Amino acid sequence: MKIPFSYIFRNLWTRKLTTALTAAGMALVVFVFAAVLMLDAGLKQTMGGTGSFDNVVAIRAGSETEIQSGVSRDQAALVESMPQVARNKLGEVMASKESLVLISLFKTGQDKGSNIITRGVSPMGITLRPQVKIKTGRMFREGSSEIVVGRNVHADFDGTQIGQSIRFAQREWTIVGIFDAGGSAFDSEIWGDVTQLMQAFRRNGFSSVIVKLTNSDNFDSLVKDIKADVRLTLDAKREQIFYEDQSRALSTFISILGSVLSVIFSIGAIIGAAITMYSSVAMRTGEIGTLRALGFRRPSILVAFLSESLLLGLVGGLMGLFFATFLQAITISTLNFQSFSQLAFSFALTPKIVVQTILFSLLMGFIGGFLPALRAARMKIVDSLRAA
Amino acid sequence: MYYFKLIFKNVFRAKLRTALTITGLIVAVVAFGLLQTVVDAWYAGANASSGTRLVTRNAISLVFPMPIYYRERMRSVEGVKSVSYSQWFGGIYKEPQNFFPQFAIDHTNYLEMFPEFITKPEELLAFKRDRQGAMVGRKLAEQFGWKIGDTVPIRGTIFQGNWQFTVRGIFDGKDETTITRQFFMHWDYINEDIKRRFPRRGDQIGAFNIEIKDASRAADISKEIDGLFRNSLAETLTETEKAFQLGFVAQSEAIVVAIRTVSFVVIFIIMAVVANTMAMTARERIAEYATLKVLGFSPGYVAALVFGEAMVLALTGAALGILLTFPMAQGFASSPAGAAFAVFAVTPSTVQLQVICAVIVGVVAALVPSWRSARVNIVDGLRHVG
């Protein structure tokens, strides 16, 4: 015979303070657990959403990032002329030869500079990134010292209003627009005309070449052709994969830190649950004896106490998850170790994380409640009745 | 005297619960200590800096170089003792995961400018004489098992090519805070090769290290140096070594803040656990407290009993936790994950914070239960069955 659920529920309800404290402890653990998963998911969403699967990025072989790379004009021209590269209706090659520099700007409220990627793009570069849209102002004009800033740069850094200008490479660069790149890494960048930026920085070569494939399946043949040409010492990757690789170190760091923290914290919460359940068992010795005397079997007692602990875990889990949902409003900007520049990303709550979090809290409840429940189930009827 | 005896008897009455609570406390105190140490590790570079050293870099950002001839003009500035330079090499040793900082330096005077790097004279001489020589920090040498005379192949990412360096010396740190997970090579050797292959990239340097005679003049000298190169193609930004290092911390501030916050969250969690233990303990003993009051003990005495018990729990947990923090930090530092941190040592201020947190946990946990037990109504209390 099963012990009714309302009995289990009322037991928790009677001891509100203890239940609340235990659940609060668990909620905090769940909150941290969820926060870390959400941060990692947010980072992956940002980086994954940055590139398009059909675009290919070519950088100098072995250079790992666009900042360290250098692609000469000849090499860029060769890549552009490959047959796998798409052309638009006007017959123009869908390729962007880009130049990247890092400039140091001040985050609001900080007196130390943080590195920002400043990307010189060809007119086609904007077409190749359909997610980039001007939010306010207008796009920079070709051949002028005008720049547009990503919305996260605009939000986090001083002196990035429309009409203000930033000085670097002996020139004043006027901000004429703010763009929204749909939560991708481009939101943390500044864009300008590639020829102007290269002139200002006295550069002769590009940093990277981005081309659109005529057909997604042509990627392998393009890579093969690039490798086969001795003049091209380049690495080519799909744009999407390229950006995912750019955040690998940061992502690994977040997940290692997060899993270590979750393990340590959950030990604390499990102990909390165990204390609560042990005391619950101890205080209700007489009650357990009565239940047994009424004909409830040992397994029913075990299930009842375990359910109580699971319920406790669930309450904690839901509480933690509830608070974690508010994190979605927060965007954090930090140094991406690989590109050595600022990257802004937010906490993202995915259905997978919700399931993982709830399972995690139930697991804590289960581990914390198992031994106490076992003790309750093993009590002898006579002894426990006498104890009351 | 009886007071303490009573507290100790009470603490160990529910052995299992006490053991669990103390275990929880130990976990929390250790976690807190380790997280604080991680934060400290972030500041390792800034803490190891000297007030008489300045760093000059390109004003646009660190990735832009400056012409090497700037050095001669810097030397002429009043108050400058010596000028050296360093260039981030950023190569890969076998796998990208094996990351460690590599700098191409001026072999003639760079290591002398940093007295915290302790070198053997004969090894330093050997390093200076071998153009392909490398000077390696103790921690790095231990991690990869390098000995003097070993060849270390490094694949360049900024300076492309497969480079070979020979370990000529292994340097030690002056103390625990010195970063000895570094690799130094000759800038001349790199530059010569680069100049031949990419003439435009030759004779450029990432940072100048400047030693000044008087630390109090750092601001003036910085201004004067930057003034020399104003309106040139490569304008400079000169700051003290500490400010330069803090610049790196500021860039990843969000992570530091997150770790700090989390380290306090763990304290909150354990506060809930201990508070819960004390609440249960006090509830079970209401009849006893009533009895004590009947016997004439004051409400204050009863409150002090509960309070003392919470403090004994908190401080026992803290003491064991602190003792455990040291071997744990040691273990972490020598693990592959810990190798990413240049310096990983528990500081006295961390231990101090651990104690303070434990005391706060004890006090907060005891607050409500001790207030309740002090106010127990004798008749109700005696009637109460635990």
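# Exercises on a Predicted Two-Chain Model

In strand 11 of chain B, B:Asn209 is the bridge partner of B:Val55.

**Exercise 1. Determine which strands of chain B pair with strand 11 of chain B, and in which direction they run.**

Solution. 
- Step 1. Strand 1 (residues 53–58) of chain B is joined to strand 11 of chain B by five bridges, and the two run antiparallel. The pair B:Val55 and B:Asn209 has its B:Asn209 end in strand 11.
- Step 2. Strand 3 of chain B is joined to strand 11 of chain B by six bridges, again in an antiparallel arrangement. Here B:Val80 has B:Ile212, in strand 11, as its bridge partner.
- Step 3. Strand 11 of chain B therefore pairs with strand 1 and with strand 3, since two bridges are enough for a pair.

**Exercise 2. State how many residues of strand 11 of chain B are buried.**

Solution. 
- Step 1. Strand 11 of chain B covers residues 207–212, which gives six residues.
- Step 2. Five of these six are buried, and the strand is mostly covered.

**Exercise 3. Decide whether chain B is spread out or compact by the globule rule.**

Solution. 
- Step 1. The secondary structure of chain B consists of 15 helices and 12 strands.
- Step 2. For 386 residues the globule rule gives 21 Å, whereas the radius of gyration of chain B is 30 Å, well over that value; chain B is therefore more spread out than a compact globule.
- Step 3. The C-alpha trace of chain B spans about 95 × 45 × 30 Å along its principal axes.
- Step 4. Of the 386 residues in chain B, 43% count as buried. Among its contacts between residues at least 6 apart in sequence, 81% join residues at least 24 apart.

**Exercise 4. Describe the side of chain A that touches chain B.**

Solution. 
- Step 1. In the contact between the chains, 47 residues of chain A meet 39 residues of chain B.
- Step 2. On the chain A side, at least two residues each come from helix 2, strand 2 (95–106), strand 3 (113–121), helix 9 (248–283) and strand 11 (331–336) of chain A.
- Step 3. Helix 9 of chain A supplies the largest share, 14 residues.
- Step 4. By type, this side of chain A holds 24 nonpolar, 19 polar and four charged residues.

**Exercise 5. Identify the residues with the most contacts inside the largest nonpolar core.**

Solution. 
- Step 1. The largest nonpolar core has 171 residues, and A:Val32, B:Ile269 and B:Val274 have the most contacts inside it.
- Step 2. Helix 2 (residues 16–48) of chain A gives this core its largest share, 19 residues.
- Step 3. Another core, of 46 residues, lies apart from it and includes B:Val136, B:Val152, B:Ile158 and B:Ile170.
- Step 4. Leaving out residues up to four places away in sequence, B:Ile269 touches A:Gly25, A:Leu28, A:Val29, A:Phe265, A:Gly268, A:Ala269 and B:Ala28.

**Exercise 6. Locate A:Glu64 and B:Lys94, and classify the exposure of A:Glu64 and of B:Lys94.**

Solution. 
- Step 1. Most residues other than glycine have a negative phi. A:Glu64 has a positive phi of about 65 degrees although it is not a glycine, and phi of B:Lys94 is near 65 degrees.
- Step 2. A:Glu64 belongs to the loop between strand 1 (55–60) and helix 3 (73–80) of chain A. B:Lys94 belongs to the loop between strand 3 (80–88) and strand 4 (102–105) of chain B.
- Step 3. A:Glu64 has 19 other C-beta atoms within 10 Å and is therefore partly exposed, as a buried residue needs 20 or more.
- Step 4. B:Lys94 has 11 C-beta neighbours inside 10 Å and so counts as exposed, the limit being 12 or fewer.

Technical notes: Residues are numbered from 1 along each chain as its sequence is written. Chains are lettered from A and ligands numbered from 1 in the order in which they are written. This is a predicted model: local features need pLDDT of at least 70, side-chain atom pairs count only at pLDDT 80 or more; totals for chains, interfaces and linings use all residues. Helices (H or I, at least four residues) and strands (E, at least two) are DSSP runs, numbered from the N terminus. A nonpolar core is a set of buried Ala, Val, Leu, Ile, Met, Phe, Trp, Tyr and Cys residues joined through C-beta atoms within 7 Å. Two residues are in contact if their C-beta atoms, placed from the backbone, lie within 7 Å. The radius of gyration is taken over C-alpha atoms; the globule rule is 2.2 Å times the number of residues to the power 0.38. Ala, Val, Leu, Ile, Met, Phe, Trp, Tyr, Cys and Pro count as nonpolar, Asp, Glu, Lys and Arg as charged, and the others, Gly among them, as polar.
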